[in-house]
Amino acid sequence: MKISGVVESASVLPVQVDGCSQFMQYSYRYDGPVGNTSESSPDRRNRIVSMHDIQELLRQCTDDPELISYSKNHDFYFYGGGWQSWGFGGELAPGEYPKNFGPLLSGLKTYFMFPGRWPDAINNKKTMDKTVLKGQFIIYFRWKETYLVLASTAPIVGMEAEVLPPVQFYVDRESRSVCATIYADGKRWKPFELMSQITVFTASTYFALKDGIRKLFGGIDDKRFSFLSFLNTDTKQIKCAGWESWYNHYSNITEELILADLDTIDKTENLITQAYTSKKLPAVFQIDDGWEKALGQWQADPQKFPSGMQVLAQKIEEKGYIPGLWIAPFIVDYRSDFAQQHKDWILRDERRKPVPAGLNAKWGARWGKHQPSKAHSFFCLDLSRDDVLDYLDRLMEIIIEEWGFRYLKLDFMYAGMLNGKFAEGGAAYQWYDRAIKKITRRWVNARGESVAYLGCGVPFEPSFTSLPLSRIGPDTKHEWDDRFFEKLHYPARPGARPNLLSTLGHAFWDQSIFINDPDVVFLRTTNISLSDGEKELIALVNKLFASQIMHSDDPVDFNINEKEFTEKISAYYEALDGQEFGLKTVEPDMHVIFSRNGKFCGFINMSEKPFTMDKEELIKNINYQLGLSLNAETVELKPVVENCLNAGDLFTSERHSISVFEITEEAE
């Protein structure tokens with residue numbers, strides 16, 4: 001469909017991937033009016049660049065008449081990648097729609113919603129209609145085993161040329177149409193300037209999908225990942241590990257407490273000791289939120305950390321760990337001395353009011369002269385200002401060169417993409433790209449030691465090139481779900497369940513787009529409501545479907561029960577080490593899992609009830625996904641991780657569990 005002001009061109013990419021169709025690349029260039037300066041007026045809302053019929057896209061990628069006929073008569077599974085780390089990333093079943101987040105605490109929408117205003121054509125049609133599905137960066141439609149993928153490959157262009165704006169897709173289940181929009185508010189377009197680039201292909205299996213994405217976005221051979229090699233705990237892929245202070249102490253940390261944890265961590269048989277440092281593998285020791293004077297005032301709180309951060313980093317290094325530090329460089333508490341001294345550095349809207357970046361009771365006043373927006377709002381810096389960038393660059397220099405930290409968790413990064421009236425004009429995506437490239441430019445410190453950055457709360461598409469190690473799900477929690485936010489249908493809520501869903505949903509991105517960080521595993525017995533089966537599920541999903549194992553249990557309180565459970569998890573890790581796993585959703589919350597080499601298979605049951613599958617159906621799924629010809633009658637499934645009841649050829653998996661079997665074939 002022709003879009004006013006946009007010219008489309010299409011070409012076939014010279015890319016071949018087993019199990020994938022041809023890769024069709026659609027490019028969209030500006031073809032609208034310009035003013036006296038040979039540029040367009042600034043964009044004022046998200047701009048539509050393309051509108052396609054889903055069936056027509058499928059026909060362009062495949063000539064399989066059976067698939068085309070089936071897709072025409074059946075609804076699809078829909079996958080939306082999510083705007084940033086904490087949004088939902090997973091499949092919606094045929095006929096399923098996301099549940100709307102209620103109006104209560106509407107300021108929380110900042111955490112997961114694509115920024116900018118919807119285009120008029122979308123706004124006037126079905127903005128509140130539940131048949132509109134949304135996804136960002138990468139989406140797919142799935143019929144049975146076949147995926148039709150749409151990926152914004154603008155970041156690939158951005159690696160070699162000017163960065164392009166991020167993409168949001170709107171999908172109408174009823175009309176079978178997909179509309180692509182770009183967030184470029186404030187951008188002035190030149191005639192025939194490239195606005196967006198979208199690649200479309202089909203994949204016949206899960207690993208074909210993963211390989212297709214890897215081919216497009218670089219994969220493990222990409223030079224973006226090579227900087228992380230000093231963290232690597234694996235011989236084939238980039239895998240990282242470490243300990244952090246957040247999920248047991250949260251912000252209630254002190255120098256005394258951190259040093260006690262540091263002193264104890266290598267004296268107990270915790271997960272990091274058993275699986276990594278005892279094997280001479282590198283591990284991070286990260287100080288999380290709570291060390292700073294105030295949000296945005298990145299100096300050690302003298303009451304809590306009297307010796308300062310340089311001393312702590314040195315002691316961490318002396319213990320053999322890589323010193324890590326949490327920081328949220330783009331956001332500020334309006335009450336802080338820093339914010340009061342630099343009010344002109346805070347991003348403003350058209351009415352010159354500070355733009356709120358989110359809600360947090362600890363980071364914003366409820367009302368009064370230090371709260372210029374909704375209660376408990378915090379704010380973001382105007383990244384278009386050179387003095388702000390100079391400040392951020394100097395801050396990173398202090399943390400890396402003077403204090404000595406070499407693993408920096410950069411949090412709440414989405415704030416750099418918020419819409420506002422920038423001091424220097426232009427669009428948020430341009431200033432964000434400039435800023436993250438500036439603050440992550442030190443991959444080696446002055447002593448020649450490597451430095452790594454972990455992105456968190458990152459807008460996925462704009463961060464892809466500069467933050468290759470990133471969180472890909474909402475915060476986990478020491479309980480299965482947050483019942484209050486679950487009832488509100490809040491997609492960015494903390495909890496084990498929403499975290500696991502996003503880890504599984506983004507698994508095909510791992511080692512391709514990002515080195516996926518799924519957040520932490522829990523093995524402790526106190527200050528936790530998760531069952532052993534749920535802890536086991538988290539630990540193994542993180543191991544098999546992502547690439548960083550972070551631990552946060554208190555080593556000082558380590559006990560004999562934790563030792564036995566940790567030994568069990570460590571044994572699982574060793575048995576499954578080096579395996580690459582895929583998955584297929586067979587029912588909502590129920591997945592069949594399988595290793596690429598065909599040695600392992602199993603189940604993940606995220607539902608509230610047991611699930612039963614017969615052996616023949618399981619083997620049928622494995623054969624199709626891996627191109628094998630296993631005979632269900634002669635195959636033996638040897639338990640490695642067993643949370644299934646086996647009655648003959650029927651396997652019933654327990655709720656909130658994972659089961660893994662080694663596949664062996666008996667001689668006939």
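Student: Is R44 buried or exposed, and what is its relative accessible area?
Tutor: R44 is exposed, with a relative accessible area of 56% (exposed means over 50%, buried under 20% and partly exposed in between, using a 1.4 Å probe and protein chains only). This is a predicted model in which local features need pLDDT of at least 70, side-chain atom pairs count only at pLDDT 80 or more, and totals for chains, interfaces and linings use all residues. Residues are numbered from 1 along each chain as its sequence is written, and side-chain values use heavy atoms, leaving out hydrogens and water.

Student: Where does R44 lie?
Tutor: R44 sits in the loop between β2 (24-30) and β3 (47-53), strands being DSSP runs of E with at least two residues, numbered from the N terminus.

Student: New topic: how many residues of β16 are buried?
Tutor: In strand β16 (residues 322-327), 6 of its 6 residues are buried; I322, G324 and W326 cover one side, while P323, L325 and I327 are on the other.

Student: Which strands are joined to β16?
Tutor: Strand β13 (residues 284-287) runs parallel to β16 and is joined to it by 4 bridges, with V284 partnered by I322. Strand β20 (residues 407-410) is also parallel to β16, again over 4 bridges, and there W326 has K409 as its bridge partner. Two strands pair if DSSP finds at least two bridges between them.

Student: And what is the order of the open sheet of 3 strands?
Tutor: The order is β17-β19-β18, with antiparallel pairing, and the edge strands, β17 (331-332) and β18 (356-359), each pair on one side only. β17 meets strand β19 (residues 377-380) over 2 bridges, where I331 is partnered by C380.
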